[in-house]
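Welcome! Please take a moment to look over the sequence and the 3D view before reading on.

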Amino acid sequence: LVFSDKRFFQTLPVMAVNSWLAEPIKGLLLDITGVLYESGEGFGTAIPGSVEAVKRLRETGIPVRFVTNETCATRAELIKKLHHHSFSVSEGDVFSPVPAVISLLKERGLVPHLLVHPAIECEFSGLVAGNPTCVVMGDADEAFSFANMNVAFRALKAMEDPKLFALGFGKYYKHKGQLQLDVGAFATALEFACDIKSEIVGKPSPLFFDAALSDIGITAKEAVMIGDDIVSDVGGAQKCGIRGVLVRTGKYTRSCENHPTVTPHFIANNLSEAVDLIIEAQSKNIHQV
């Protein structure tokens, strides 16, 4: 497989282009914030070319699922935002931590103490009753105050068998043009103080990736994950056997290209560029069969 446009080779990491495009790609997992749009006031801003890239994937027939650690909005609100930017997405296409952790809490009969963004507290209606038997942490944003962290800490210390559920485990993300601490940093503080380990619901949990793959009906080696988080998106996917592509949008910084433990299969300038490569490679693979 040869690409004549030299700009493709300017994005090459250690792994060659051929190595991640040689095997058939039967499904794509896409992050949302930082890949489809940049967060900001209101609905944020769609990243140039991303709407058209998703449309081209649909037209080509490559199944797409959107895997996100977004916990500042309900899934319905997230879909509304995507539709505002003209993305063709249904609620069933989106995998987010909140519905997953709610199912888990019901299955185990757990009562959560919530340290989440106020916008999603309504999702847990009916589950918060009685003495808490676990703590659920999402991206609480301004609610990550010293007082609220202390309340969560005391709740865990009062439990006979303390359980901490982290809705994702990112270190930081980009919001309104600035990097800010993500839930992983705050969950780590409670882990240290309480001598426990978080149970991660969301990326980079293998169960989260597996759920999306199962929904498409493909194996890990047949999929590609595209994200702006070198650890949770790319590294998490690779640990599951999924090819991981990093985009230079969203929370990306130049240091991501020299990460000490994660080497992306490819680094694209944006989603549109990655999709162009995938569609062209798939077309050539089909014609070679």
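Which residues of H8 are buried? They are Ile 230, Ser 232, Asp 233, Val 234, Gly 235, Gly 236 and Ala 237. Here, buried means under 20% relative accessible area, exposed means over 50%, and partly exposed lies in between (1.4 Å probe, protein chains only).

This is a predicted model, so local features need pLDDT of at least 70, side-chain atom pairs count only at pLDDT 80 or more, and totals for chains, interfaces and linings use all residues. Residues are numbered from 1 along each chain as its sequence is written, and side-chain values use heavy atoms, with hydrogens and water left out.

**A covered helix**

Let us stay with helix H8 (residues 230-239), which is mostly covered, with seven of its 10 residues buried. Its buried residues pack against H7, strand S12 (223-227) and strand S13 (243-247). A contact means heavy atoms within 4.5 Å. Helices (H or I, at least four residues) and strands (E, at least two) are DSSP runs, numbered from the N terminus.

**The whole chain**

In the chain you can find nine helices and 14 strands. A compact globule of 289 residues would have a radius of gyration near 19 Å, and the chain agrees because its value is 19 Å. This radius is taken over C-alpha atoms, and the globule rule is 2.2 Å times the number of residues to the power 0.38. Along the principal axes, the C-alpha atoms fill a box of roughly 65 × 35 × 35 Å. Of the 289 residues, 52% count as buried. Among contacts with a separation of 6 or more, 66% come from residues 24 or more positions apart.

**Nonpolar cores**

In soluble globular proteins, nonpolar side chains tend to be buried together. A nonpolar core is a set of buried Ala, Val, Leu, Ile, Met, Phe, Trp, Tyr and Cys residues joined through side-chain atoms within 4.5 Å. The largest one here has 35 residues, and those with the most contacts inside it include Leu 28, Phe 66 and Leu 271. Helix H9 (residues 271-288) gives the most to this core, with seven residues. A second, separate core has 19 residues, including Leu 115, Met 149, Ala 152 and Ile 196.

Leaving aside residues up to four places away in sequence, Phe 66 touches Leu 30, Ile 32, Leu 36, Val 54, Arg 58, Val 89, Asp 93, Val 94 and Phe 95.

Now try Glu 191 in helix H6 (residues 183-194). Is this residue's side buried or exposed? Glu 191 counts as buried because its relative accessibility is 10%. With residues up to four places away again not counted, Glu 191 touches Leu 164, Phe 169, Ile 196, Lys 197 and Ser 198.

Most residues other than glycine have a negative phi, and most peptide bonds are trans.

| Residue | Phi | Relative accessibility |
|---|---|---|
| Ser 86 | about 75° | 53%, exposed |
| Asp 141 | near 60° | 24%, partly exposed |

Ser 86 sits in the loop between helix H3 (75-84) and strand S5 (94-95). Asp 141 is found in the loop between strand S7 (134-137) and helix H5 (146-157). The peptide bond from Lys 203 to Pro 204 is cis, with omega near 10°, and Pro 204 lies in the loop between strand S11 (199-200) and helix H7 (206-216).
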